[in-house]
Amino acid sequence: SPPMTRHERQRTSPGNRASIASAAARLMAEDGITDYHHAKKKAARQLGLPEHTAFPDNAEVEAELRAYRSLYQGEEHEELISLLRHTALELLDLLADFNPYLTGSVLDGTAGEHSGIDILVFADSAKEVEIFLLNRGIDVDHVEVRNERVEAVLRMETDTADADLIIMPPNMERVSLKHHDGRPRDRIRADALRALLKE
């Protein structure tokens, strides 16, 4: 095969991936961007890299984001995560009838002040969850669903952050859900979250 041109080499160099990962993490930490792909695209633009640059995967950006937060946002960030997790626990307790789990950035510790709380709920219908909440005086909005296995996403406000209740059919509870890059999505129940908060 012909030798790579300088441009092609630049496109795939691991150095670029690493600089995109750290720039994307900084954007997520400081500008409150919560979408990994959006952060990577913006980072590549800022670094003046060509459109078709090979992006780092989300796990690389997540590692950089953790490092960035612990370095620059230290205690303040730990307090925020703890606050968000306490709120999440209240939601898990509130929704106990629906087998709820905490998932996403509040669980993995990468959440920032613009992040929402992601709760997985397994219910026969979104309607019953909505009625359950309305009966308790809690208003919800329907959010656009990005995954065909999700029946609905109900967004509700809490004192600390918006919470997205991701509603899936009960038979999905046994299925291991994955990130776009194939890593399994962690999720924990209320008792495990209680233990985590005691650590």
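Q: What makes two strands pair?
A: Two strands pair if DSSP finds at least two bridges between them; strands (E, at least two residues) and helices (H or I, at least four) are DSSP runs, numbered from the N terminus. This is a predicted model, in which local features need pLDDT of at least 70 and side-chain atom pairs count only at pLDDT 80 or more, while totals for chains, interfaces and linings use all residues. Residues are numbered from 1 along each chain as its sequence is written, and side-chain values use heavy atoms, with hydrogens and water left out.

Q: Which residue of S5 is the bridge partner of Leu120?
A: The partner is Ile166. Strand S5 (residues 162–168) runs parallel to S2, and six bridges connect the two.

Q: How many residues of strand S2 are buried?
A: Buried means under 20% relative accessible area, exposed over 50%, and partly exposed in between (1.4 Å probe, protein chains only). In S2 (residues 117–122), five of six residues are buried. For the chain, 42% of the 199 residues are buried.

Q: In what order do the elements of the chain run?
A: From the N terminus, the order is α-α-α-α-β-α-β-α-β-β-β-β-α, with seven helices and six strands in total.

Q: What share of contacts in the chain joins residues at least 24 apart?
A: A contact means heavy atoms within 4.5 Å. Among contacts between residues at least 6 apart in sequence, the share is 61%.
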